[in-house]
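Work through the exercises below with the model in view. Try each task before you read its solution.

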Amino acid sequence: MSGVVVGIDVGTSGVRAVAIDADARVVAEGAARMSDHGTDHRDPRTWEAALAAALSALLGNIEPERIRALSVDGTSGTVLAVDASGRPVGAAMMYNDPVADAGVLERISSFAPPTSAAHGATSGLAKAILLQDTPGAARILHQADWIAGLLSGRFDVSDENNALKTGYDPVAGRWPGWIAGTGARTAMLPAVVAPGTPTGKVTAAAAERFGLPQGAVVAAGTTDGCASFLATGADRPGDGVTALGTTLTLKILSQEPVFAPQFGIYSHRLRGGWLAGGASNTGGKVLLDVFSPERLAALSAEIDPETDSCLDYYPLSRPGERFPVADPAFPPRLEPRPTDDALFLKGLFEGIAAVEALAYARLAELGAPPLASLRSVGGGAANPVWTRIRERRLKVPFLPAASTEAAAGTARLALDGARAAGVMP
C-alpha cells in the first residue's frame with residue numbers, strides 16, 4: 001500500500017487537510033468550517049474541533065494507515081499562551097489583532113533592528129510580550145505550533161517562518177539577543193527548526209482523538225502565505241507567484257534574503273532558499289469599485305489583449321501605496337476615462353500588470369533574482385484576457401499552478417519530513 005503525507009491548513013474561516021503521494025499529487029481532501037465548531041475564532045478549542053472534523057472528512061476518502069507524515073500551517077502572527085502541559089490559558093491573539101500598549105511597541109522599536117519583521121502593532125513579538133503575563137502561562141506558541149503539538153505532544157517547537165514576526169533571525173538561525181531588551185521572556189519562546197524538519201510522531205492520544213496512525217511523523221510547518229507558494233509547485237530561484245485577489249501580492253524564490261522594510265519586504269527561509277515578496281494596494285478591489293463581477297466578465301469578452309490601450313493608469317482605490325512604491329500619499333492615476341467601458345477596463349488591467357512588472361523589477365533591484373517564470377493564483381487568475389495582458393507585459397513563461405490550496409503546500413513539507421525520517425521514498 002503506497003504511502004501518503006498530509007498537509008493541514010488552519011485558516012481564519014476553516015481548516016483544510018490535503019493528502020499527497022510521493023509525486024506530490026493530491027489524492028484526498030477534507031475541510032471544515034470554524035463557524036460549525038464554535039462562535040469564537042480566537043478560541044483554540046474551536047481550532048481543535050475544526051481540525052478533527054477536517055481530518056475526519058479526509059479519512060473518509062483515504063485509508064488512515066497510508067499516512068506517513070503530517071505538517072501544519074497557520075495564519076502568520078497568530079499567537080497564544082499555554083501552560084506547561086500545552087493547554088491554552090486564554091484566547092489567542094489573531095494575526096490582525098493589534099497590541100495597543102504603546103510601551104511594548106516603543107521597546108520593540110528601540111531594540112529591534114530596522115530589518116526585523118517584529119516591528120508593528122500586529123507583530124508576533126508584541127503579542128508574545130502581552131500574553132506572557134497571562135496567569136498560568138509557561139510558553140508562547142504560534143497557531144501552527146500548537147496544532148502540531150496536538151498531534152505530537154510537543155509544545156516547545158516552532159518553525160523559522162512562523163517565528164519570523166516574533167523576532168527570530170533567519171539569517172543567523174537563532175533568537176537574537178536584543179529580544180530580551182524588549183521585555184520578552186526568551187525562556188518562554190519555542191525552539192525553532194527549519195520547515196519540514198521532523199519534530200515528533202503522532203501520539204497514542206492523538207491517534208485515538210483524530211483517527212490517525214500512531215507513530216506517523218510530524219514535521220515542522222510554515223505560515224499560510226509560504227504554504228500557498230509551495231502549493232503551486234514553484235521551487236527554483238526566479239520562480240514567482242502572483243496572487244490576484246483584493247490586493248496584488250507576489251513572492252519570488254531567491255538564493256539570497258531580501259529585507260526592505262520600507263516596502264514591507266521580509267524573507268522567509270524555505271527549503272534551502274529564501275522567499276521574498278511584497279503586497280501592493282492595487283488589485284481586484286479597484287476593479288470591483290467600478291464594475292460588478294458580471295460586468296467585468298462581459299466587458300472582458302470585448303477586449304483585444306494583443307493591442308495596447310495607450311492609457312497610463314496606476315489603479316488604486318484611494319491614495320497610498322506600499323509596494324513597489326512606498327508612499328502613503330501616492331495618488332491613484334485613473335484619468336482620462338474613455339467613454340468605452342471595455343477600453344477603460346483594458347486600461348485598468350494593463351495598469352495592474354504594469355504595477356506587477358514594476359514590483360518584480362523592484363525585488364530584483366533589492367537582491368532577488370530576475371523573474372524567470374510565473375504562476376498565478378486568486379480570482380483574477382481565472383480571467384484569460386487579463387492573463388494574456390500580463391503575459392505580454394511580464395515577458396516570462398506563465399506556468400500552471402499545481403494547486404491553489406495552502407494545505408497542499410504544507411503537505412510538501414510533510415513529504416520533506418517523511419523523507420528525512422526515511423518513511424517515504
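**Exercise 1: The largest pocket**

The lining of the largest pocket has 17 nonpolar, 27 polar and five charged residues. Here Ala, Val, Leu, Ile, Met, Phe, Trp, Tyr, Cys and Pro count as nonpolar, Asp, Glu, Lys and Arg as charged, and the others, Gly among them, as polar. The model is predicted: local features need pLDDT of at least 70, side-chain atom pairs count only at pLDDT 80 or more, and totals for chains, interfaces and linings use all residues. Residues are numbered from 1 along each chain as its sequence is written, and side-chain values use heavy atoms, with hydrogens and water left out.

Task: find the volume of the largest pocket and the residues closest to its centre.

Solution. 
- Start with the volume: about 1400 Å³. A pocket is an open set of points on a 1 Å grid over the protein atoms alone, with protein on both sides within 12 Å along at least five of seven lines; a cavity is a set where a 1.4 Å probe fits but cannot get out; lining residues have an atom within 4 Å of a point. Grid points are joined across faces, edges and corners, and a volume is the space filled by probe spheres set on the points.
- Next, go to the centre. Of the 49 lining residues, K165, D224, G225, T249 and K251 are the closest to it.
- Then name the elements. Helix 6, strand 11 (239–244), strand 12 (248–254) and strand 14 (273–280) each supply at least two lining residues. Helices (H or I, at least four residues) and strands (E, at least two) are DSSP runs, numbered from the N terminus.

**Exercise 2: Strand 4 and helix 6**

Task: how many residues of strand 4 are buried, and which residues of helix 6 are?

Solution. 
- In strand 4 (residues 67–74), seven of the eight residues are buried. Buried means under 20% relative accessible area, exposed over 50%, partly exposed in between (1.4 Å probe, protein chains only).
- In helix 6 (residues 224–231), the buried residues are C226, A227, F229, L230 and A231.
- After helix 6 comes G233, with a positive phi near 95°.

**Exercise 3: The cavity**

Task: what volume does the largest cavity have, and which elements each supply at least two lining residues?

Solution. 
- The volume is about 80 Å³.
- Helix 4 (143–152), strand 7 (157–159) and strand 10 each supply at least two lining residues.
- Among the lining residues are V72, D145, D159 and A219.
- By class, the lining divides into six nonpolar, three polar and two charged residues.
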